[in-house]
Amino acid sequence: MNPHAVSALSPLDGRYAAKLAALRPLMSEHGYMHRRVQVEITWFLALSQAGLAQFPPLGRSSRAHLLNLVANFSVEDALAIKAIEATTNHDVKAVEYWIKEQCNAPSLDADARAELARVSEFVHFACTSEDINNTSHALQLQASREQVVLPMLDAIITKLRDMAHAYADVPMLSRTHGQTASPTTVGKEVANVVMRLRAARERIANVAILAKMNGAVGNYNAHL
């Protein structure tokens, strides 16, 4: 069946699909995989700097290659991970295997390929799936808040503030208990919305987004 708004399972991908375009790269499965790759590679690079005799610091070429996997993560990369998942039947393990495959990419020079081959088993080392998943969720929420939600709220607040000033002297009939009451102005009522929305915006901005990265039961057992 051809994809169409009226065949969507949810209004988010049907009626409101265009309104959510900015969130799709961040909150879709592709966006989720992107953050998983980011977390896995960030952890892998951190391990390379941890002073382990078995995992010396990576060279510049190897580090650049790994960071490029994050920076240039594409829909095609996500589909490649999905293809691996069809075999593993485990989404996080599929990300791990994909990263290991990229450690042997043809674009790598021989020295970097040999270096990464020696240490590729440190991908996902000491991690449980939830370490990767909850940290990825945190990154998704953080990016969505900073890149989409707060800028949109700021734009609405700015527009309403301008309206409050523009209509400050325009009288209107107010109501209480559904009946007409003392007069007010359009600007004052819009300003009231601005103040409430600004307070809500600050509460959203100040929510602490947490994550954990401490192994299966949170005791750093495998790390030690």
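Buried residues make up 34% of the 224 residues in the protein chain. Buried means under 20% relative accessible area, exposed means over 50%, and partly exposed lies in between (1.4 Å probe, protein chains only). The model is predicted: local features need pLDDT of at least 70, side-chain atom pairs count only at pLDDT 80 or more, and totals for chains, interfaces and linings use all residues. Residues are numbered from 1 along each chain as its sequence is written, and side-chain values use heavy atoms, with hydrogens and water left out.

**Overall layout**

- The protein chain has eight helices and two strands. Both are DSSP runs numbered from the N terminus: helices are H or I with at least four residues, strands are E with at least two.
- Along the sequence, the pattern reads α-α-α-α-α-α-α-β-β-α.
- The radius of gyration of the protein chain is 25 Å, whereas a compact globule of 224 residues would have one near 17 Å. This radius is taken over C-alpha atoms, and the globule rule is 2.2 Å times the number of residues to the power 0.38.
- Along the principal axes, the C-alpha atoms fill a box of roughly 80 × 50 × 35 Å.
- Take the contacts in the protein chain with a separation of 6 or more: residues 24 or more positions apart account for 65% of them. Contact means heavy atoms within 4.5 Å.

**Helices H2 and H5**

- Helix H2 covers residues 29-48 and helix H5 covers residues 91-102. Their axes come within 10 Å and cross at roughly 60°.
- Axes are lines fitted to C-alpha atoms, for helices over the stretch in contact, and angles run from 0 to 180 degrees between N-to-C directions.
- H2 and H5 are therefore oblique to each other. Angles under 35 degrees count as roughly parallel, over 145 as roughly antiparallel, 65 to 115 as roughly perpendicular, and the rest as oblique.
- H2 passes H5 in a right-handed crossing. Right-handed means that the near helix is turned clockwise from the far one by less than a right angle; anticlockwise is left-handed.
- H2 brings Arg-36, Val-37, Glu-40 and Ile-41 to the contact, and H5 brings Asp-91, Val-92, Val-95, Trp-98 and Ile-99.
- By class, this contact has six nonpolar, no polar and three charged residues. Ala, Val, Leu, Ile, Met, Phe, Trp, Tyr, Cys and Pro count as nonpolar, Asp, Glu, Lys and Arg as charged, and the others, Gly among them, as polar.

**Helices H7 and H8**

- Helix H7 (residues 129-166) packs with helix H8 (residues 186-205) at an angle of about 160°, and their axes are 8 Å apart. That makes H7 roughly antiparallel to H8.
- The crossing of H7 with H8 is left-handed.
- Residues that meet here include Leu-150, Leu-153 and Ile-157 in H7, and Val-190, Val-194 and Leu-197 in H8.
- By class, the contact of H7 with H8 has 14 nonpolar, one polar and five charged residues.

**Two buried residues**

- Met-33 is found in helix H2. Met-33 is buried, with a relative accessible area of 2%.
- Not counting residues up to four places away in sequence, Met-33 touches Phe-73, Ala-78, Ile-81 and Lys-82.
- Met-33 and Ala-78 are 45 residues apart along the chain, yet their C-alpha atoms are separated by 6.5 Å.
- Leu-58 is found in the loop between H2 and helix H3 (60-71). Leu-58 is buried too, with a relative accessible area of 7%.
- Leu-58 touches residues including Phe-44, Leu-66 and Val-119, not counting residues up to four places away in sequence.
- Leu-58 and Glu-85 are 27 residues apart in sequence and 28 Å apart in space, C-alpha to C-alpha.
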